Amino acid sequence: ASVGVGGSDDPFVPGDDDDDDDDADHSALDTARKTPMVTNGATIDGGVYADTVTLGNESTVKGDVISTTWVVIGNKAAVTGDVCAGGDVTMHNLSSVGGDINTPGSVYIGSNNAVVEGSVYAGGNVTIQNGAKVMGDVNAGGYVSIGANNGSVYGSVYAAGNVTLGNAARVYANVHSGGMIDVQWAGTIDGNAVAAGTVSVNAWGGKVSGSVVQNASSPPRVKPAQPTACDVVAAPPLQNYSAGTTDIAVNYNNSKDISPGSYGKLTAAGKNVITLHAGTYYFSSMNLAWDCNWRLDVSGGDIIIFVVGDVSFGGEAAITVSSDGANYQSMWSVDPNLASKVYLETHGSFSSGQNGRWFGTILAKNNITFSGGAESGNKAKVIGLLATVDGKITLSDKFTNILIASNFAKAHW
């Protein structure tokens, strides 16, 4: 008979830490802190962390998803890493998780070939709809229901409650239940069926290939493994600073080359060219109107921008970068690693209007907002890193990014 790879002989306590978990802790350097909504069609390079997390239809997170409460993964949405939640996890049709799911709540895996490539560890119930698959084990503090029409678990099932296999459902290893096991028409357990109660197998095509053990104590019945408590992605530390009092106002269609220093308000009326150089800048606020060319000269080192209040970029902002101090190219034409030389911190909020974009790291005390649709050619809207302390990150439709942490963030977070 088959032998499963999961399960535990320890008492099931939902949400307890798993001391054997050797995953590295997450931080704001690899996980977009406070991103509650990944918009339809968006692709996030790195992980996502928020109090609630929803992945829109056909979106992708290239990392782990961590939520202090619930997670919803939309139709055809994908998480390439693990999902860890403080509440329920819901996967819709054709969605996928590339790793494990851990939650003290319940897990619902939608029909039509939704798939979990790893294992499921739930404190509550696990429902696997018609045609959905779990490639590893399923551990549940409640019941497990495996839907008809090829709903499948390729490992073993360990449940504190009842386990039901619908018509033509299949478990490729063992089933251990703290309640009853019900194998319906054409349902199959390739390994053993071990239950604290009874084991019912449909006489017209239900099948258990291994041993059937009823009224079983533990051991030999194996109890479900505990879910692992989620990492906490700590807020990056805000720096202590103040701004100057000399305002900079740039008239419409004018240019301004700004040296490092301490200033008051930076305002630009529109259709401007603003150039910054290596060094540290302090502003009381920044308000750049529509169609501004934001030029970043990193030839002499890092550009650090500290803003006391809000930062606002109007729509259609262009960002160009120079590595030699003379020639400027679009942010998509230069080495993306140059984004490690740009850091902006605001103790207010950051917003970028229609077709907004950014090159470098942004840390905001409050909110970060990007508006508009996809870039032409599916180019990244952000080459860099986004994080908030008390607010949330709002992404534009079909948002894409390339994750590059700034040197300042790596040194100070």
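These questions and answers go through a predicted model of one protein chain.

Me: How many helices and strands does the secondary structure of the chain come to?
Reply: The C-alpha atoms of this chain fill a box of roughly 85 × 35 × 30 Å along the principal axes. Within the chain, the secondary structure comes to one helix and 50 strands.

Me: What share of the residues in the chain is buried?
Reply: A residue counts as buried when its relative accessible area is under 20%. The chain has 413 residues, and the buried part of them comes to 52%.

Me: Which residues does Ile109 contact, leaving aside neighbours within four places in sequence?
Reply: Contact means heavy atoms within 4.5 Å. With those neighbours left aside, the partners of Ile109 are Met91, Ala114, Val116, Val120, Thr127, Ile128, Gln129, Ala132 and Val134.

Me: Which residue has its backbone nitrogen 3.1 Å from a polar atom of the Ser349 side chain?
Reply: Ser349 sits in the loop between strand S44 (342-346) and strand S45 (350-352). Not counting residues up to four places away in sequence, Ser349 touches Asp310, Val311, Asn366 and Asn367. Of these, the residue whose backbone nitrogen lies 3.1 Å from a polar atom of the Ser349 side chain is Asn367.

Note on methods:
Residues are numbered from 1 along each chain as its sequence is written. This is a predicted model: local features need pLDDT of at least 70, side-chain atom pairs count only at pLDDT 80 or more; totals for chains, interfaces and linings use all residues. Side-chain values use heavy atoms; hydrogens and water are left out. Helices (H or I, at least four residues) and strands (E, at least two) are DSSP runs, numbered from the N terminus. A polar contact is a pair of N or O atoms within 3.5 Å; within protein, one must be able to donate a hydrogen and the other to accept it, and residues adjacent in sequence count only if both atoms are side-chain atoms. Buried means under 20% relative accessible area, exposed over 50%, partly exposed in between (1.4 Å probe, protein chains only).
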